[in-house]
Amino acid sequence: MHVPLELLTAGRDLTEPKISPDGQTVAFVQRWRGAAAIMTVSVDGGAERALSTGPDPAPGRGTSGGCFDWHPDGTGVVYAAKGGELWWQPIGGRPEPITELERECRAPCTDGSVVVFIVDEAEVWEVQLGSGALRRLDDGVDAFCFDPELAPDSSAAVWQGWSPPDMPWDAAHIVTCVLADRTWTRWRPEGAAVQQPRCISAGNTAVVHDASGWLNVYVDAKPVLAEAFEQAGPTWGMGQRSFVLSPDEKRVALCRNERGFGRLVVVERSTGAVTNIGKGGHGQLSWNGNTIVALRTGAVTPTQIVAYDLSDPDIKPPRTVLAVGPAEGWQQFELPEPEVIEVDGLFARRYAAGNGKLLAWVHGGPTDQWQADFRPRISYWWSRGWDVLVVDPRGTTGHGRQFQQALNGGWGRFDVDDTAALIAHGHAAGWATPATSVVMGGSSGGLTVLGVLADHSELVAGGVASYPVSDLRALTQVTHRFEAHYCDSLVGEPAVVGWERYDELSPLHRAGRIGAPLLLFHGSDDPVVPISQSETVVEAIRSSGGQVEFVVYDGEGHGFRDSANVRDEYERTEAFLKALTR
């Protein structure tokens with residue numbers, strides 16, 4: 001049975017569930033049909049109600065957050081609005097603006113008297129509730145500041161900071177600011193990156209860092225569960241909450257990434273005993289009383305907000321579903337759990353349809369990973385008879401710091417060759433042949449697609465690329481601020497490696513070798529990878545006699561949001577794939 005396209009374009013996105021201070025209510029953010037709202041639901045389940053009545057909130061994506069914080073007395077929330085300002089939203093009352101900075105405010109954290117927050121991803125500010133008095137807290141040393149937290153006694157604030165050429169997963173540190181005199185200290189382990197600072201009692205801090213080679217949670221400088229599994233993801237946005245301490249700080253709940261498969265566990269700090277709470281990808285954890293609330297997803301589990309009841313230590317904690325994101329109807333499909341593929345130190349997950357057709361899908365980033373969570377796009381193509389092979393080339397997270405850093409200096413080469421090796425493994429295993437294999441990806445994954453078509457054309461019948469990077473030299477000049485120095489690590493600093501290295505690794509300069517058919521999508525208003533990159537590579541392919549279908553969606557950015565464009569994308573892709581493999 002084919003998954004209908006309507007299921008992919010319906011439903012809503014859910015992010016950032018947080019239990020209220022009294023433990024009775026869960027607030028979360030939903031995005032639906034271009035609008036967003038903060039909603040509430042009882043911790044026991046039941047009807048949802050809208051909390052926000054002012055400007056729409058600015059949601060995070062996936063397991064990121066940074067949108068709102070409960071007031072300690074539970075009477076309302078402080079939230080970041082789409083217009084950039086912070087607002088106070090009382091329960092059942094009239095919203096009021098807190099800031100008028102005309103800048104981008106994010107990640108509010110409040111103790112009831114003040115709110116600390118981030119401005120333009122670069123500065124940490126404090127605003128007094130009531131008077132509106134503002135004060136900048138950071139010293140301006142760091143180019144980026146994320147995720148501020150207040151100490152329980154409000155004497156200090158902590159946050160994550162870093163500066164180019166590093167990205168946050170390269171060498172971010174933790175800044176502690178004593179509020180009385182605005183003095184700062186910085187800390188990170190040598191050769192590691194730190195994220196998710198939490199202030200706990202007695203002046204101690206809980207963090208995640210990868211000094212061991214794996215992103216593990218540390219409390220009071222001691223690992224909660226030292227293991228060769230990642231317990232967090234890369235810092236692509238603010239508000240990741242992959243761990244949380246119990247109210248008495250004796251236990252820690254954390255999210256494990258087991259080769260792309262998620263699991264939520266609770267660890268006793270005194271003994272190290274581990275309790276399995278639930279399988280599936282979890283994130284955005286909060287804990288109040290005997291209840292843990294999380295965002296949960298899985299390969300066969302539509303994204304949902306769940307509550308776990310830990311009141312009886314002798315049984316596995318029961319789970320209550322509080323809210324569901326995807327539209328009704330997915331339960332009629334017997335979706336597949338992927339199998340783990342490991343080949344010569346490379347990794348992938350195969351969603352097997354068993355019809356002799358292989359769709360090798362490369363995630364974006366490239367510092368990212370597509371875990372075995374709910375991905376309707378994969379289910380769509382699997383239901384149409386395609387084996388979907390989600391590849392983890394070098395640079396992918398989830399396999400330790402060494403594997404993630406192994407792409408540095410070779411973006412456009414190592415990822416291309418790794419993807420080709422995994423496709424070749426699929427052929428050797430009998431899943432498909434070159435005539436029935438297609439490589440697909442977007443953004444940095446699109447760069448890999450172009451590279452495979454140029455360098456390993458014997459492995460695939462064609463490729464599909466969405467808003468791909470094709471010219472690394474040009475990317476250093478125009479990309480958005482967060483990734484402006486990304487190439488310094490992925491390729492090398494130009495003054496050191498030379499621009500010739502950038503040209504060597506860029507698919508644009510190998511485009512003349514692309515002979516297999518290519519379907520290429522791009523949005524006209526893409527701020528991350530300008531459409532000029534695709535226009536240039538299309539011209540290069542066509543001038544060499546290659547076949548490329550180039551589709552431009554007016555007004556779209558880095559990813560397509562308009563439902564008509566999404567439908568057109570799928571319909572064109574399906575027609576393209578049928579023509580390739582008939």
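**Rings, cores and a sheet**

Modeller: In this predicted model, tryptophan 236 is partly exposed, with a relative accessible area of 28%.

Biologist: Is tyrosine 486 buried or exposed?

Modeller: Tyrosine 486 has a relative accessibility of 2%. Buried means under 20%, so tyrosine 486 counts as buried.

Biologist: How are the rings of tryptophan 236 and tyrosine 486 arranged?

Modeller: Their centres are 6.0 Å apart and their planes stand at 75°. Planes over 60 degrees apart count as edge-to-face, so this pair is edge-to-face.

Biologist: How many residues apart are the two partners, tryptophan 236 and tyrosine 486?

Modeller: Tryptophan 236 is in the loop between β20 and β21 (243-245), while tyrosine 486 belongs to helix α8. The pair therefore links distant parts of the chain, and the rings of tryptophan 236 and tyrosine 486 are edge-to-face. The separation is 250 residues.

Biologist: Which arrangement do the rings of tryptophan 162 and phenylalanine 482 have?

Modeller: Tryptophan 162 and phenylalanine 482 are both buried. Their ring centres lie 6.1 Å apart with the planes at 85°, so the pair is edge-to-face.

Biologist: Which residues do ring pairs link into a cluster?

Modeller: The count for the model comes to 23 aromatic pairs. Ring pairs join a cluster made up of Phe144, Phe146, Trp162, Trp169, Trp236, Trp411, Phe482 and Tyr486.

Biologist: Over which ring does the charged end of arginine 481 sit?

Modeller: The charged end of arginine 481 is 4.0 Å from the centre of the ring concerned. That ring belongs to phenylalanine 144.

Biologist: Which element gives the largest share of the largest nonpolar core?

Modeller: The largest nonpolar core has 37 residues, and Leu389, Val439, Leu453, Leu518 and Val537 have the most contacts inside it. Elements giving two or more residues to this core include β32 (387-392), α5 (414-428), α6 (444-455) and α11 (531-543). The largest share, five residues, comes from α6.

Biologist: How many residues are in the second, separate core?

Modeller: Phe144, Cys145, Leu447 and Val528 are among its members. The second core has 36 residues.

Biologist: Which residue in β18 stands opposite valine 194?

Modeller: Four bridges join β17 to β18 (residues 205-209), and the two run antiparallel. The residue opposite valine 194 is histidine 209.

Notes
Residues numbered from 1 in each chain as written. Predicted model: local features only at pLDDT ≥ 70, side-chain atom pairs only at ≥ 80, totals over all residues. Heavy atoms only, no water. Pairing = 2+ DSSP bridges. Phe/Tyr/Trp six-rings, centres within 6.5 Å; stacked < 30°, edge-to-face > 60°. Buried < 20%, exposed > 50% of the residue type's maximum accessible area, 1.4 Å probe, protein only. Lys NZ or Arg CZ within 6 Å of the ring centre and 35° of its normal. Core = buried A, V, L, I, M, F, W, Y, C linked by side-chain atoms within 4.5 Å.
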